[in-house]
Amino acid sequence: MGASLEASMSFKEFQAKVDHIVHDHPVVTSNAYTKWVATGQMTDEDVRDLTIQFSVFSHYFIEAQLLNAQTLEQYHAGKEILMNELGVSFHTKGDAASEADDPDKVPTEGTVNGGKYRHTAAHFEWLLRFAQPLGLGFNEIGKWKLGTKSTHHFCNALKEWYGNPDPCVGAGASYAVENWAAAGFWKELIAGLEAYTKQSGKKLNLGFWHWHDMVEDQHAEHTQDELREDYDEAWFNEDDYVRGATHILDAVKVFWDGLNESRIQRAQTVTA
Ligand SMILES: [Fe+2]
């Protein structure tokens with residue numbers, strides 16, 4: 001608001017620069033693992049590995065999310081995500097809180113404010129519901145000790161960059177994470193998991209994956225408004241923002257590359 005033409009021109013340039021950093025990063029342009037998943041060739045062990053590593057990252061993302069808040073508005077926005085993650089479904093302002101807890105029925109928009117907590121509306125429980133027919137119970141997902149070195153690297157990086165005490169570094173990481181998440185990897189995973197469901201004949205509940213795919217587009221839209229607001233903050237520094245964005249994307253790539261290496265190794269062991 002009230003920014004001079006010169007200031008808004010340089011904002012546009014900066015916006016184009018971070019957009020380029022995210023959309024041209026190899027984790028967005030050439031994620032070998034999710035592209036392979038989409039081809040529908042996952043074995044039982046591949047699906048279990050994806051589920052376990054994803055569950056560890058999802059679990060520890062909550063901790064980093066708690067630390068990522070630059071302004072009061074973003075603190076509220078962060079809690080909307082957190083509380084929803086933990087089991088308060090969104091509802092539209094003025095409407096009664098949703099009674100549903102099934103991912104195929106709960107809204108992807110609205111607020112948690114005034115909503116109702118339910119154990120079964122927690123995203124981790126949706127993932128558990130998906131995991132059970134694969135032979136994975138509560139003790140076989142989400143635990144730190146189940147993570148590989150690459151998954152641990154990603155979880156640690158989330159805390160370091162996304163939850164960085166420097167608000168500008170954290171804001172850059174947040175922008176990058178949301179835009180990466182909206183760039184299509186959920187759709188690739190869903191394509192692979194749908195193919196696996198058909199091939200295996202297992203009754204898998206894909207609600208966890210579908211719900212997140214639907215919610216991401218809105219998150220990415222919000223990041224443009226947040227970047228505009230952050231840019232005018234006294235703490236904003238272009239280099240720190242870019243540093244947060246780049247480091248977190250590099251770590252996201254380590255996570256997916258770890259899964260890719262494991263599945264290639266498994267395939268080689270089978271054919272050897
Ligand atoms: Fe979630």
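Predicted model: local features only at pLDDT ≥ 70, side-chain atom pairs only at ≥ 80, totals over all residues.
Tyr117 is found in the loop between helix 5, residues 72–86, and helix 6, residues 123–131, and together with Met83 and Leu86 it makes a nonpolar surface patch of about 270 Å².

Now to the metal. Which residues coordinate the iron ion? They are Glu85 through OE, His123 through ND1 and His212 through NE2, at 2.1 to 2.3 Å, and along the sequence these donors follow the spacing E-x37-H-x88-H. Because Glu85 lies in helix 5 and His212 in helix 10, residues 207–231, that pair ties together parts of the chain that are 127 residues apart in sequence. Glu85 and His212 are both buried.

The largest cavity holds about 320 Å³, and of the 21 residues that line it, the closest to its centre are Phe61, Glu85, Trp186, His212 and Glu216. Two or more lining residues come from each of helix 4 (44–67), helix 5, helix 8 (167–181), helix 9 (185–200) and helix 10, with helix 10 giving the most, namely six.

The largest pocket, by comparison, has about 740 Å³ of space, and among its 33 lining residues those closest to the centre are His76, Ala77, Glu80, Ile81 and His222. Helix 5, helix 8 and helix 10 each supply at least two residues of that lining.

Finally, the salt bridges, of which the count comes to ten. In one of them Asp44 pairs with Lys202, with the closest N and O atoms 3.5 Å apart; since Asp44 lies in helix 4 and Lys202 in the loop between helix 9 and helix 10, this pair ties together parts that are 158 residues apart in sequence. Another joins Glu63 to Lys159 at 3.0 Å between the closest N and O atoms, and it links helix 4 with helix 7, residues 149–162, the two partners being 96 residues apart. Glu63, with a relative accessible area of 33%, is partly exposed, and Lys159, at 41%, counts as partly exposed too.

Conventions. Residues numbered from 1 in each chain as written. Heavy atoms only, no water. Patch = residues over 30% accessible without salt bridge, like charges linked within 9 Å, V, L, I, M, F, W, Y side chains within 5 Å. Areas by Shrake-Rupley, 256 points an atom, 1.4 Å probe, with all protein chains shown as cover. Salt bridge = Lys/Arg side-chain N within 4 Å of Asp/Glu carboxyl O. Helix = DSSP H or I, 4+ residues; strand = E, 2+ residues; numbered from the N terminus. Donors = N, O, S within 2.8 Å, 3.2 Å for Na, K, Ca; no water. Buried < 20%, exposed > 50% of the residue type's maximum accessible area, 1.4 Å probe, protein only. 1 Å grid on protein atoms, 1.4 Å probe; cavity = no way out; pocket = protein on both sides within 12 Å on 5 of 7 lines; lining within 4 Å. Points joined across faces, edges and corners; volume = space filled by probe spheres on them.
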